[in-house]
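Student: I have a structure open and would like to learn how to read it. Can we go through it feature by feature?

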Amino acid sequence: MRPEPPHDAETVAGLGEFGLIRRVTEGRTQPPPTLLGPGDDAAVVAAPDGRVVASTDVLVEGVHFRLDWSNPEHVGRKSVAVNLADIVAMGAVPTGVLVGLACPADTTVELADGLFAGMWQEAGNAGIGVVGGDMVTSDTLVISVTALGDLEGRAPVTRSGARPGDVLAYAGRLGWAAAGLAVLGRGFRSPVAVVGAQRVPEPPYAAGPQAARAGATAMLDVSDGLLADLGHMSRASEVAINVRTEGFEVHQRLLDVASALGADPLHWMLTGGEDHALVAAFPTPGQVPDDWHPIGWVGKGSGVTVDGRPYEGPTTGWEHWR
């Protein structure tokens, strides 16, 4: 449930659509990829490669975030991060984001300020800017972000390129957001590290292009859970994938939280979503970059196994309307 604002709080209705647009864009510095930013009918973003990688995600209050668990800055950062993870998972370099905001008339200006502060912060973390968007009235708070990227002359790294004999590896964090969700679900707000991971994912932005330069044959970001997302790669590439648990680096903090909650940290790493780590297939072990962790292999056949066997437990990940 969203915290109640002060009765005299300024609202977006009082500020107006164009007043709010000016408030969240004025004084912001755009990085070099933005040739023309907010203020005109459309933005102009550089595309040196001649192709544009584009992805859109929609976040709905009560489905993708809760303002009693996260503050507006967290939500703003998350809305940008989950989109940019899709861009770098194609091996592309981010170049800009467009933001659509739908919110009730009584939404406070303070909340809107926080959302956009978080968006600008996360965009800056990736070396880009918020280049434009739209704002409308709605009964529910909804954030839609479209992310753009540049392939730098490379072919996109898709889900369908994995081949038998490839090495499977991941970059980023696995299981941390799931641990944070478990903590929040119990009514706690600490440990801060895992709760923070649930509130704001930290995709390894540099690792996607790095993997593409190293020759990755297939790649995707882990949004719905490692095993569930590897299932997408298995089906698209028409291969079998085996995950070896001995390759996982289980952080001591995950071990501590799991022990306190009576949970299995490995289950979080295998099935937990929302960390937006990257997982990729590489032709040889020598092509796996230093910041990536080998965790398995690709073979002939179909399906995903763990240590050579079907995983005992739910692995379907999140799916809307199911």
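Student: Which helices do the buried residues of α6 pack against?

Tutor: The buried residues of α6 pack against α3, α5 (176-185) and α9 (252-261). Contact means heavy atoms within 4.5 Å. Helices (H or I, at least four residues) and strands (E, at least two) are DSSP runs, numbered from the N terminus.

Student: Which residues of α6 are buried?

Tutor: Buried means under 20% relative accessible area, exposed over 50%, partly exposed in between (1.4 Å probe, protein chains only). In helix α6 (residues 192-199), the buried residues are Val194, Val195, Ala197, Gln198 and Arg199.

Student: What should I know about the model itself?

Tutor: This is a predicted model: local features need pLDDT of at least 70, side-chain atom pairs count only at pLDDT 80 or more, and totals for chains, interfaces and linings use all residues. Residues are numbered from 1 along each chain as its sequence is written, and side-chain values use heavy atoms, leaving out hydrogens and water.

Student: How do I describe two helices that meet, and at what angle do α5 and α9 cross?

Tutor: Start with axes: lines fitted to C-alpha atoms, for helices over the stretch in contact, with angles from 0 to 180 degrees between N-to-C directions. The axes of α5 and α9 cross at roughly 30° and come within 11 Å. Next, handedness. A crossing is left-handed if the near helix is turned anticlockwise from the far one by less than a right angle, and right-handed if clockwise. The crossing of α5 and α9 is left-handed. On the α5 side, Trp176, Ala179, Ala182 and Val183 make the contact.

Student: How many bridges join β8 to β10?

Tutor: Five bridges join β8 to strand β10 (residues 277-282), and the two run antiparallel. Val222 stands opposite Ala277 in β10.

Student: Which residues does the "binding site" annotation cover?

Tutor: The UniProt record, an unreviewed entry, places it on His64, Glu274 and Trp318. UniProt positions are given in the numbering used here, feature names are shortened, and annotations may be inferred rather than shown by experiment.

Student: Where does Glu274 lie?

Tutor: In the loop between α10 (265-271) and β10. Glu274 counts as partly exposed because its relative accessibility is 25%. Beyond four places in sequence, the contacts of Glu274 include His64, Gln198 and Val222. The side chains of Glu274 and Lys78 are joined by a polar contact of 2.9 Å. A polar contact is a pair of N or O atoms within 3.5 Å; within protein, one must be able to donate a hydrogen and the other to accept it, and residues adjacent in sequence count only if both atoms are side-chain atoms.

Student: Is Thr217 buried or exposed?

Tutor: Thr217 is buried, because its relative accessible area is 13%. Thr217 lies in the loop between α7 and β8. A polar contact of 2.7 Å joins its side chain to that of Asp166.

Conventions
Pairing = 2+ DSSP bridges.
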